[in-house]
Amino acid sequence: MKVNIVGAGISGLATAQAVLARKPDAELNVYEAADRVGGKVWTEISSAGYLCEGGVNGFLNKIPRTLDLCKETGVTPMAADAAAAKRYVYSRNALHKLPEKPPQFFSSKLLSIPGRLRVIYELVAGGTDKTDETLEEFATRRLGREAFDKLIDPMASGVFAGDASRLSLKSCFPRIHEIEDEYHSLIRGLISLQKKARREGKKDTPGPGPGGILTSFGNGMGELTDALAEQLGSRIHTGTPVSGLDRNGNRYSLQFEDGSVQESDVLILAAPAHAQARILQGYDPSLASLLNGIPYPALSVVCFGYRKERVGNVLDGFGFLVPSKEQRAVLGTIIDSNVFTGRAPDDSVLLRSMVGGARSPELALLPDEQLVDRVRSDLQDILGVKVIPDFVRIFRHEKAIPQYNVGHARMLESIDTHLEPHPGLILTGNAFKGVSLNDCVVNAWQTAQALVPQSGHKKIKG
């Protein structure tokens, strides 16, 4: 079996690894347009000793498949510091610590007393006839406007760099959608699930958060994608952009920009949806049009390094998110040197701020000087950091995180229908069923299982 994969981000690399683990004799190649592997996993270590993540900064260690992948590639996960549990929201000119346990919610000043009482009303709040509603519609219906503005809206920016008035609840957070359907209340559902977990003797009981511990690696997230690339060896071809494809009988022909062609029995497109659309345009314009319908707003990641003697400890936790009502350029800032060891020199701190996203994509594309000034202004107001940073690194993503807006599930059904006449053509990646690294790894394994339906797997030989 000959398999060609387009895209050497985590989806393409993990899919290649999973296919070869199940079928070691497969003739497999991975083609990547960029000169590096990793895609949105993008780690750089500066000469001054700052380790900057330009994209993915970690994963939650609750998914066995991701942990298995780490073992299979020989990398050792590193859990975040306990400080990562302390997270803040900036509201009304102050930072408010997010409650880590439900009882703390009642003493938090993030929400007013009426706002807290409205959240409790969730127990009896009404349902909806809509089959697909936005995060804003869902949150205001169940939790109230204030909880939406100060909790759900900034969360949507933090996870998706998205606009909660457009994002689909059932596509972005399907488990929450299922809990409401089953229990008719999130609070009631959470209590029931916790009781069930205790009855079954489980140590980890469900909570209001996503669960798991934030995890990375000593040399950053790039350690995983680099290890995958090393394992795959000469099967990876970087700097090899694809221009289109065709089908000859039961085989697919990839056409490259240098004029060369490669055939395969199976073709897996693991690039971003807009890149898949460009490749498919001449082969199936309707399918390409559907893929082009998945938006990717611009996002910039701005890293500032400071010597501690100039700024102190800055903040005692993971970082903060900013609700859209605050009208700030920064969506949120992570104090990376608080979260993982080795992210900054011992005498320094590293802050990583996100700008743009669906909320204000134009800000992500500001010239460097203007972008730095906007971030500095926000950090001065929010954290009191007035000094010029000793280190600056900007990562720009003109097309960043795919947006699962209302209608996304229906779009996926249409894509599946369009793929039926094309056996052996597989679309994967974070544009479809989950944007996190865990989602990509699980989807990669499921793709391999469907392609090579056999039990057990073996170590890849380079």
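Trainee: Which residues of strand β9 (residues 214-217) point one way, and which the other way?
Mentor: Please keep in mind that this is a predicted model. In strand β9, Leu214 and Ser216 point one way, while Thr215 and Phe217 point the other way.

Trainee: And are those residues buried or exposed?
Mentor: Leu214, Thr215, Ser216 and Phe217 are all buried.

Trainee: In what sense does β9 pair with strand β5 (residues 59-60), and over how many bridges?
Mentor: The pairing of β5 with β9 is antiparallel and comprises two bridges. Within it, Leu214 of β9 is the bridge partner of Leu60.

Trainee: What about strand β6 (residues 77-79): how many bridges join it to β9?
Mentor: Three bridges join β6 to β9, and these strands run antiparallel. Phe217 in β9 has Pro77 opposite it.

Trainee: Changing topic, which residues form the positive surface patch?
Mentor: The patch consists of Lys195, Lys196, Arg198 and Arg199. Of these, Arg198 belongs to helix α8, which spans residues 186-199.

Trainee: Why does Arg198 count as exposed?
Mentor: Arg198 counts as exposed because its relative accessibility is 51%, and the cut-off for exposed is over 50%.

Trainee: Where is Val89, and is it buried or exposed?
Mentor: Val89 lies in strand β7 (residues 87-91). Its relative accessible area is 2%, so Val89 is buried.

Trainee: What separates the C-alpha atoms of Val89 and Ala358?
Mentor: Those C-alpha atoms are 19 Å apart, and Val89 and Ala358 are 269 residues apart along the chain.

Note on methods:
Residues numbered from 1 in each chain as written. Predicted model: local features only at pLDDT ≥ 70, side-chain atom pairs only at ≥ 80, totals over all residues. Heavy atoms only, no water. Patch = residues over 30% accessible without salt bridge, like charges linked within 9 Å, V, L, I, M, F, W, Y side chains within 5 Å. Areas by Shrake-Rupley, 256 points an atom, 1.4 Å probe, with all protein chains shown as cover. Salt bridge = Lys/Arg side-chain N within 4 Å of Asp/Glu carboxyl O. Lys, Arg positive; Asp, Glu negative; His and termini not counted. Charge placed at Lys NZ, Arg CZ, Asp CG, Glu CD. Helix = DSSP H or I, 4+ residues; strand = E, 2+ residues; numbered from the N terminus. Buried < 20%, exposed > 50% of the residue type's maximum accessible area, 1.4 Å probe, protein only. Pairing = 2+ DSSP bridges.
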